[in-house]
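Please open the model in the viewer and follow the stops below in order. Each stop names a selection and then describes what is found there.

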There are 2 protein chains.
Amino acid sequence: MVLQTLNSLGPQHGYAIAARLGQVSGGALQLNMGTLYPALMRLEQRGLLRGNWAITDNNRRARFYALTAAGRRELAKERQAWDRMAAIIHALLRGEI
Amino acid sequence: MVLQTLNSLGPQHGYAIAARLGQVSGGALQLNMGTLYPALMRLEQRGLLRGNWAITDNNRRARFYALTAAGRRELAKERQAWDRMAAIIHALLRGEI
DNA sequence: GGTGATATTCCGTTGGTGTGTCTAATAGAG
DNA sequence: CTCTATTAGACACACCAACGGAATATCACC
């Protein structure tokens, strides 16, 4: 979800990612800080994001994360994996399998 | 997934639940034993399942778990929750929101 | 100087992973 | 017929990953 948000919006800082995800999901995807920031660090560690300090439009320092090429590839893979798994679970819950 | 399996098939023992889930998902849902058995105990603890020792058709002792009424209600709730969440994530990954 | 935006860190809890072990039943070798 | 190997089935345990919640730090702005 983080990768997808950055893919849609371009580079964003953590606070904005959380706000965006909460907003577009009507509150269903509320990342709390203790979940989001370690996740961002793991993603950067894996080379899927790159973070840079910069100044926001309201003139505050914030760490902006951008997708790397590997991050875009990973996002595509995750999308596929999600689609496969969601289809299976959906069918299972419908009793179709 | 465990609740749904018991709902479809009636009372089953853990080994059969795992085999069934692995089979209907083409291997995508492989519960390993250290995941499944604690999960069954938690579900029983919460009153969603009831377990009884019985003899299988190949004459071995096994613990058969059956859905309780509360288990059926929980399954319905989980199905709804899944549908809502899956729709949101699907739309998110498509960039539709 | 208080408030809000943004980041970081800590710690407790939950739950999965992997592996090992126990028991009973059956199949197969001799 | 007896001994052994294998399988089905359940469970225990130690380790690890990730989440939740909250505290804290910094800085800009009104």
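Select helix α2 (residues 14-24) of chain A together with helix α3 (residues 33-45) of chain A; they pack at an angle of about 125°, with their axes 10 Å apart. Helices here are DSSP runs of H or I of at least four residues, numbered from the N terminus; axes are lines fitted to C-alpha atoms over the stretch in contact, and angles run from 0 to 180 degrees between N-to-C directions. The angle therefore makes α2(A) oblique to α3(A), a class left after under 35 degrees (roughly parallel), over 145 (roughly antiparallel) and 65 to 115 (roughly perpendicular).

This is a predicted model, in which local features need pLDDT of at least 70 and side-chain atom pairs pLDDT 80 or more, while totals for chains, interfaces and linings use all residues. Residues are numbered from 1 along each chain as its sequence is written, chains are lettered from A and ligands numbered from 1 in the order in which they are written, and side-chain values use heavy atoms, without hydrogens and water.

Next, display the side chains of Met33(A), Leu36(A), Tyr37(A) and Leu40(A) in α3(A), which meet Gly14(A), Tyr15(A), Ile17(A) and Ala18(A) in α2(A) (contact: heavy atoms within 4.5 Å).

Now show both chains: 21 residues of chain A are in contact with 21 residues of chain B. Among the residues of chain A, Trp82(A), Leu92(A) and Leu93(A) lose the most area to chain B, together 32% of what that side buries.

Finally, select Arg94(A) and Asp83(B), which form a salt bridge with the closest N and O atoms 3.5 Å apart (a side-chain nitrogen of Lys or Arg within 4 Å of a carboxyl oxygen of Asp or Glu). The count between chain A and chain B is 2 salt bridges.

Terms used:
Helix = DSSP H or I, 4+ residues; strand = E, 2+ residues; numbered from the N terminus. Buried area = accessible area lost by both parts, 1.4 Å probe.
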